[in-house]
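Dear colleague,

Please find the structure we spoke about just below, followed by my notes on what was found in it.

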Amino acid sequence: MTAKDQYKVHKEPFFQQQSNEVALYEAAYAARLPVMIKGPTGCGKSRFVEYMAWKLNKPLITVACNEDMTASDLVGRYVLEANGTRWLDGPLTTAARIGAICYLDEIVEARQDTTVVIHPLTDHRRTLPLDKKGELIEAHPDFQLVISYNPGYQSLMKDLKQSTKQRFAAFEFDYPEAKLEAGIVARETDMSEELASKLVKIGATARNLKGHGLDEGISTRLLVYAATLIKGGVEPRDACRMALVRPITDDADIRDTLDHAIDATFG
Amino acid sequence: MAEAHTEYEHPLMKGYREQLGCGFPQVADVFEDCMAEALSALSGEGIDAYLEYARFLCKMGRGVEPVLIFLEEWPSVATTLGESALPALKGFIHKMYKSPNGKAIVPFLQSLAAIARRLHSQEQMQDYMDLTLDFMARTTGSIHGIHATFASPGLPEFFQQTPFLLSQVSVAGLKNWVEYGIRNYHDHPDRQRDYFSLQSADSRAMMQRERSGTLLFDNERKLDMTLRGLWNVSDHFVPYSLKFDELRKPIPYYDKLGIRLPDVYDDFVVPGGPLSNSPPLGGREGNSLPAGEIIVSGLDRYRAVLAHIVGHKRWTAAIFADNMSPFQRMSAEFLEDSRVEYLAMRQYPGLRRIFLALHPVPAEDACDPAKESAVRHRLAMLSRAILDANHPYTNPDIIEFAQRFHAMMAQSESSTQEMADLAIAFGARTHRQSDQLPKIHFQDTEIDYRDDNRQMWKFIEEGDEEEAFDQNRKVELEEEIKGLPPRHYPEWDYNSQTYRPDWASVYEALHPQGNATDIDRLLEKHSALAKRLKRMLDLLKPQEKVRIRYQEEGSELDLDVALRSLIDFKSGATPDPRINMSHKTSGRDIAVMLLLDLSESLNEKAAGSEQTILDLSQEAVSLLAWAVDKLGDPFAIGGFHSNTRHDVRYLHIKGYSEQWNDEIKGRLAAMKAGYSTRMGAAMRHAAHYLEAQKADKKLMLILTDGQPADVDTKDERLLIEDARQAVKELDQKGIYAYCINLDNRLKPGADEYVSDIFGRQYTVIDNIQRLPERLPELFIALTK
């Protein structure tokens, strides 16, 4: 297995298209345009990227960003060995070398000085200078950069610089509309559409409360979790409380309201 | 009359009459009836004691009323409390009799039976009497503390209210309520009377606090979230009280100002429990449950009302009422109510449980159509039949129309007009002559979670009355609201260690504008100082990047350390693995609120200066604002003064999102002083802005020149203690309060109150002339 193969997505991931995003992505990839995907947590951003990598049959390197991440974590660094130092490629460098799709998940979590290292890769240059090593990498023709972030809970501090933003073609994802979402939940867990649509209704309740005590509504991912629990034989109300309500809030009033919504929905 | 009695009097009765030996003719009128009741309720000794005490009351010199009431009420009181309650009662009345409060004996006796029914036990009765004695002792006036000479003004009013009060609160709650009244109004007879007769607003507010049940106030947030979450609607809630409008029981409704809801709902419980105020169950769900079991919680009752009202908002289209008779309208309302509930339940099936439990089940044969009008009864049955598939009714019309309703709903959402048509058909089918009877059967036909349907109708004509032409139609918008509505804050009462709820009203307004160049001129005047400050500020500015060395994991290899480590390694020693370094930004994260006291005393000249304290404060604040702006910390300025607790003014000078510009300078330039210093309320108000800031450290600077005081507060300590409490509250919210005190009176010890309020977090600036330089310096020192 080559280095390239280990990053390949081998099995088709389930992805339900909301409009024509697959075709749009293919067009962006054909032009090797960097892509940005925005959307609330758990709405299918990562799944989409995974699906596209599978569809295009390209390796996918995913980096989960966090605030302790530094430029060297992306690009690479010297490590110490018995005979001196050795250069170790970071994930971004690897992707540029082997021609993978490099997916930086939750990019705003990374510090701004870290984010700028992607700049030369995302314009016409398509190069990555490794200044510490004194090397200039020409990106492989298959290489593409994808970033994702969640504009919902960002504070003033957590926003992308304009200079970063304006290097990407962007998709804006949101939770699918009720019927589609019920279909997704049903498809993911093999449950009846009717029960799935009840879960979706409870999800909608929490999404209505966003900004009124909730930072983020119940995501499609959590709905799938709840459905999985129900599938596993848990009583639906308990499953909803466990998978939908308790994870998202510590606020007693909101918990009460959502519990009431569960009771009201299941009748 | 008296002769007529003696003529037929039973010899035994005559004996009792002599034992009583009371000469009032009114007593003779009722004596036999009372005696008959007493004989059935009391034992032999009980009768003797009864007559003996009645005899005493008769001779007491308070007229005929005490004895009359006692004769009438005691037998029933004795049945609930037991005869042995009499000695305690006697002792109580005797104490009242010996005090100047003799006049209160009659109201006390009048309320006795009702109170006894409420309290049920002698222990509780004793608690109640102890409480009353305490009340009496503390409100009875005295001159020179020697003789109790003035009757308690509130006591008679209190006795009149107790039966009602005890129906709402427990004895302990009553005690708190009384305690509050005495504490605040013991020296003010008129207000005391208002309080104890439940006339004044805070009297009702206090009672409401002691109430049991689910208060709207406590659950507003939950209900608001229910509205948003489940129905995606937002609206205001306006509470109304059920308790002070005995004749016309208000019911929920909504209009453009918001949804009107009762201020409190009791849990809906199976009757028979200790706290049951619920209506009888009829055939409702829960008959098999033990008494006292909660069927629908108060919160769910609110939610039922909300679901119903939202249903109307969503699905009801107003129809013309002019061509329909009142009965037809009522029928249409019942059916429309059923329709919106049906649609609501289609979305949330779980509501059915709540509706089923709350909807009354009128018994089919409860109403005799020959004697009373059965319109409401029929409609309530129809409504139940629509809601409840397992309804008990056999009337073919009810069943048919319930089916027709479901057939209409099965196809679509139907409409208000279709419901009105169905209602007219139902009316035509079931109409009877007796529907016109004046006596209407109401029992079990009121569905208390439904609104009054005022939004369902529109009228072509306002009314038939001819005199209506000059009616002023625009009732609203009489007074335009100036500024923001008041916010109410509690105030700490150190005497009782409790908060007075919603005591101070804070009105917030924009500070008036002045000339911004004045401030620029002030800044220029202090340009030398500004330069010095600038140097200090530069030192304070965050140093952005700081290098952290000796990291096992870091962004870069720290070559010095790495080489050392490598040498260690090569020479066979254990190398230090911490060979990386990383960077971190050290930032400043402080939000500041500057609260200015703008009370009258600022107009005084500062000692040894030509300038007033106000002028100096203005200079100081301008410099500080300039300095903080340079630093880039989020910064707000507010001023306050007060004129009694009803009018605490908070003047907005600079908000967090505003830049330090001419507008702000203009406001600073227009600073004026007047009125008093109610510091606690202003601090609480300022804190709610500061609290919302996202910063690690929150600092509230309070610039004041004197102790908190207001014209409506006699007790000097009160506002000081309140401010101290406010500081504690700020502390709990993570806000650091710091006082800069400009006490002009250079008396030693005059600033003791500052340390009482702020502990050690204060500075007294005695040389006020130096304030302009001291204030920014202080700020810098505080935030270094």
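**Confidence and overall make-up**

In chain A of this predicted model, confidence is lowest in helix H6 (residues 112–115) of chain A, with a mean of 79, and highest in helix H2 (residues 21–30) of chain A, at 95; the score is pLDDT, the predictor's confidence in each residue on a scale from 0 to 100. Over chain A the mean pLDDT is 89, and 96% of the residues reach 70 or more. Where pLDDT is low, the predicted coordinates should not be read in detail.

Residues are numbered from 1 along each chain as its sequence is written, while chains are lettered from A and ligands numbered from 1 in the order in which they are written. Because the model is predicted, local features need pLDDT of at least 70 and side-chain atom pairs count only at pLDDT 80 or more, whereas totals for chains, interfaces and linings use all residues.

Chain A has twelve helices and nine strands, these being DSSP runs numbered from the N terminus (helices H or I, at least four residues; strands E, at least two). Of its 267 residues, 40% count as buried, that is, with 20 or more other C-beta atoms within 10 Å of their own, the C-beta atoms being placed from the backbone.

**The sheet in chain A**

Five strands of chain A form an open sheet in the order E2-E5-E8-E1-E9, with parallel pairing (two strands pair if DSSP finds at least two bridges between them). Strand E2 (60–64) and strand E9 (169–172) of chain A stand at the edges with a single partner strand each, so one side of each is left without a neighbour in the sheet. Within this chain, strand E1 (residues 35–38) of chain A is joined by four bridges to strand E8 (residues 144–149) of chain A, the two running parallel, and A:Ile37 stands opposite A:Ser148 in E8(A).

**Where the chains touch**

In all, 25 residues of chain A are in contact with 23 residues of chain B, contact meaning that the C-beta atoms of two residues, placed from the backbone, lie within 7 Å. The largest share of the side of chain A that touches chain B, eleven residues, comes from H12(A).

**One residue in chain B**

B:Ile354 lies in helix H16 (residues 351–358) of chain B and counts as buried, because it has 24 C-beta neighbours inside 10 Å. Leaving aside neighbours within four places in sequence, B:Ile354 is in contact with B:Val296, B:Asp300 and B:Ala304.

Best wishes

Notes:
A residue is buried if 20 or more other C-beta atoms lie within 10 Å of its own, exposed if 12 or fewer, and partly exposed in between; C-beta atoms are placed from the backbone.
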